[in-house]
Amino acid sequence: MDHNLEKRLDGRISRVRGRMKKDGIEAFLVRKNENKYYLSLFRSTSFELVITEDRNYLVTDFRYTEAASALEPLYQVVRVDASYTLHDFLREKGFQVLGLEYKESSVDFYNRLTEAVPDTEVRAFDGVVEDIRVIKDEAEQADLRMAEHIGDQAFSYILTQIRPGISEKEIALKLELKMRELGASGLSFDTICVSGVRSSLPHGGPSEKLIEKGDLVTMDFGCVYNGYCSDMTRTVGVGTLDSRQKEIYELVLKAQMAACDYIRAGVSAADADRAARSIIEEAGYGAYFGHGLGHGTGLEIHEAPTANPSSKEILRSGMMVTVEPGIYLPGEFGVRIEDLSIVADDGIINITESEKQLIIV
Ligand SMILES: [Mn+2]
């Protein structure tokens, strides 16, 4: 296999092994899809990874063994079928202690596993790969930048499409189609597009509602590029806005920019949240900012770190974090502005390039 790729994966696996050793785990059966991908860059609907102190096994069936052989010698490919299963393989190896991601395993999977390997102690081994995934290497950052760049281009395009009479659903569909045309493999999450009185719904899905003059339109969307998820939100005005809409927009923008200015490696995620929240609270709208400042993205759209008032994490260089304060006034309207950033020693690298000063189309 490619030397650089092998080195990259081997580095990740070594870190997992460090944690296994510390926790007394002899073998680790990786269950979470994103974690399996992170440790192997292998994609298939049916395979298992087993990491041990000195060997890695990729367990799969006939359909994927040829593709999996590209990962040799980093992984030894174990072919399973009806007469030789994962359970048979694990029993044959006779591991003393097997680590398992309990949070990623169904009760049925766990029951069948423990019945199949009665002499093996199965132990919870959760969050280990996620802890390692939190710091993005250069290749991951490049994929995230590309994903966000596609979102930026789709936003520029959608500005030419938003006008009175188009529906929220049509806007969402056009955004999604554009992102696919630009090279996205899929969506990070279901696109949010809410307008007018519906814009006070922080996570409202797009409806048949038609855009009207005087609406604020909030679009929260992201795409997947090379497995990595982007995320951005912009709220734009249609036609003319009243002074209250403008005032709330400027307040959210001020809070958003304050958090962007504040964040750097070494600050706590809770303080990052506070940097934005204090501005909204001082203006009297604290009760209308009911969610956290942001979250990490990566192979999953929501991953560590989480930035909210009760976060315990300290932000570190190479983490991703969204900066997305909002104000939602029930029965009136809402505003959210979200950028995606990479935490660095001296600040953030904001990888969202779209304009965030108020745009009126
Ligand atoms: Mn987000």
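Here are some questions and answers on a predicted model of a protein with two assigned domains.

This is a predicted model, with residues numbered from 1 along each chain as its sequence is written. Local features need pLDDT of at least 70, side-chain atom pairs count only at pLDDT 80 or more, totals for chains, interfaces and linings use all residues, and side-chain values use heavy atoms, with hydrogens and water left out.

Me: How many helices and strands does the protein have?
Reply: Helices (H or I, at least four residues) and strands (E, at least two) are DSSP runs, numbered from the N terminus. The protein comes to 10 helices and 19 strands.

Me: What share of the residues of the protein count as buried?
Reply: Buried means under 20% relative accessible area, exposed over 50%, and partly exposed in between (1.4 Å probe, protein chains only). The protein has 361 residues. The buried share is 54%.

Me: What separates the centres of domain 1 and domain 2?
Reply: The bounds come from an automatic or database domain assignment. That assignment gives domain 1 as 3–133 and domain 2 as 138–350. Taken over C-alpha atoms, the separation of their centres is 36 Å.

Me: How much area do domain 1 and domain 2 bury between them?
Reply: Interface size is often given as the accessible area lost when the parts come together. Here buried area is the accessible area (1.4 Å probe) that two parts lose on being put together, summed over both. Carbon and sulfur atoms hold 43% of it. The total is about 690 Å².

Me: How many salt bridges does the rule find across the interface of domain 1 and domain 2?
Reply: A salt bridge is a side-chain nitrogen of Lys or Arg within 4 Å of a carboxyl oxygen of Asp or Glu. Lysine 32 forms a salt bridge with glutamate 300, their closest N and O atoms being 3.1 Å apart. Across the interface of the two domains, the count is four.

Me: Which element gives the largest share of the side of domain 1 that touches domain 2?
Reply: Two elements give two or more residues to that side: helix H1 (3–23) and helix H2 (33–40). The largest share is three residues, and it comes from H2.

Me: Which side chain makes a polar contact with the side chain of serine 195?
Reply: Serine 195 sits in strand E8 (residues 192–195). It counts as buried because its relative accessibility is 0%. A polar contact is a pair of N or O atoms within 3.5 Å; within protein, one must be able to donate a hydrogen and the other to accept it, and residues adjacent in sequence count only if both atoms are side-chain atoms. At 2.9 Å, the partner of serine 195 is lysine 209.
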